[in-house]
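Please look over the sequence and the model shown below before reading on.

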Amino acid sequence: MNKQDDEFITYNDTKYNLQGIETLAWKKLVNGSVKKKNGFRTMCVGTIDEKNAAALRIVVNRKVDEVHKTIFFHTDNRSRKYNDLTKDNRISLLFYDGRQRVQIVVKAYATIHTSNTLSNDRWKATSPQARLGYMTNEPPNAKSDQLTLGYEERFAITKPIDDESNPFEKNFSVVACTVYELEFLYLDFQGNRKANFYYENSVLVDGNWAVP
């Protein structure tokens, strides 16, 4: 990377150089995608809305492809974030785990997958509970005259079977976020530490230590 790669920080009693921090960051993101109680299981997603303002929401980290530097989450294709990304596919993802004292921020380009092999495979892997979010009769954030779940009340007690949920697969999309920048921040009472990394075509091209 550069001469800074010979410098180290100590994290959990282990020394990491700049390259080691980059590898550690991706391992943490991968862990978040497979361990439900991991702090990196959820992330704050930022898009640019129709008024050219920042729009934020929490989503679940569904999968991380460390090789291709891609992070995946699911969305309703009637949602505002879906509409935002069809107009401007730049996206930011914020991860934070207070227990690990680590914040990871990535900037990426989003690719939306709807009604294709990837989205179909991911739909089949979703639980009945997760499918409920796509079974609303109206789009997410639609106004309602009363407090509502959006879907049939009976599903609050009895989860839908495949025959009941599959017709709503048309509302389901997978968002693949190909990362081009990553920031790693370690919070330490003896002094915070930060590193930045940059990618082109999913390949690490540069990195540096930074002022926290």
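Is lysine 107 buried, exposed or partly exposed? Lysine 107 is partly exposed, with a relative accessible area of 34%, where buried means under 20% relative accessible area, exposed over 50%, and partly exposed in between (1.4 Å probe, protein chains only).

The model is a predicted one, in which local features need pLDDT of at least 70 and side-chain atom pairs count only at pLDDT 80 or more, while totals for chains, interfaces and linings use all residues. Residues are numbered from 1 along each chain as its sequence is written, and side-chain values use heavy atoms, with hydrogens and water left out.

**The chain as a whole**

The protein chain has 212 residues, of which 42% count as buried, and its secondary structure comprises five helices and 11 strands; helices (H or I, at least four residues) and strands (E, at least two) are DSSP runs, numbered from the N terminus. Along the principal axes, the C-alpha atoms of the protein chain fill a box of roughly 60 × 35 × 35 Å. Among contacts (heavy atoms within 4.5 Å) between residues at least 6 apart in sequence, 60% join residues at least 24 apart. The accessible surface of the protein chain, from the Shrake-Rupley method with a 1.4 Å probe, comes to about 12,200 Å², and 48% of that surface belongs to carbon and sulfur atoms.

**Salt bridges**

There are 10 salt bridges in the structure, each being a side-chain nitrogen of Lys or Arg within 4 Å of a carboxyl oxygen of Asp or Glu. The table gives some of them.

| Salt bridge | Distance, N to O |
|---|---|
| Lysine 69 and glutamate 22 | 3.7 Å |
| Glutamate 181 and lysine 107 | 3.9 Å |
| Arginine 154 and glutamate 152 | 2.7 Å |

Lysine 69, in the loop between strand E5 (63-65) and E6, and glutamate 22, in helix H1 (residues 18-34), are 47 residues apart, and their pair links distant parts of the chain. Both lysine 69 and glutamate 22 are buried.

Glutamate 181 lies in strand E9 (residues 172-186) and lysine 107 in strand E8 (residues 102-114), so this pair ties together parts that are 74 residues apart in sequence. Glutamate 181 is partly exposed, with a relative accessible area of 23%. Leaving aside its neighbours within four places in sequence, glutamate 181 is in contact with Val105, Val106, Lys107, Phe197, Tyr198 and Tyr199. From glutamate 181 to valine 105 there are 76 residues in sequence, but 8.2 Å in space, C-alpha to C-alpha.

Arginine 154 counts as partly exposed at 42% relative accessibility, and glutamate 152 counts as partly exposed at 42% relative accessibility as well. A network of salt bridges links Glu152, Arg154 and Glu164.

**The largest pocket**

Rolling a probe the size of a water molecule over the atoms shows where empty space is left. On a 1 Å grid over the protein atoms alone, a pocket is an open set of points where a 1.4 Å probe fits, with protein on both sides within 12 Å along at least five of seven lines, and lining residues have an atom within 4 Å of a point. The largest pocket holds about 360 Å³ of space. Of the 14 residues that line the largest pocket, Arg62, His74, Thr75, Lys81 and Tyr134 are the closest to its centre. Strand E4 (54-60) and strand E6 (70-76) are the elements that give two or more residues to this lining.

Technical notes:
Points joined across faces, edges and corners; volume = space filled by probe spheres on them.
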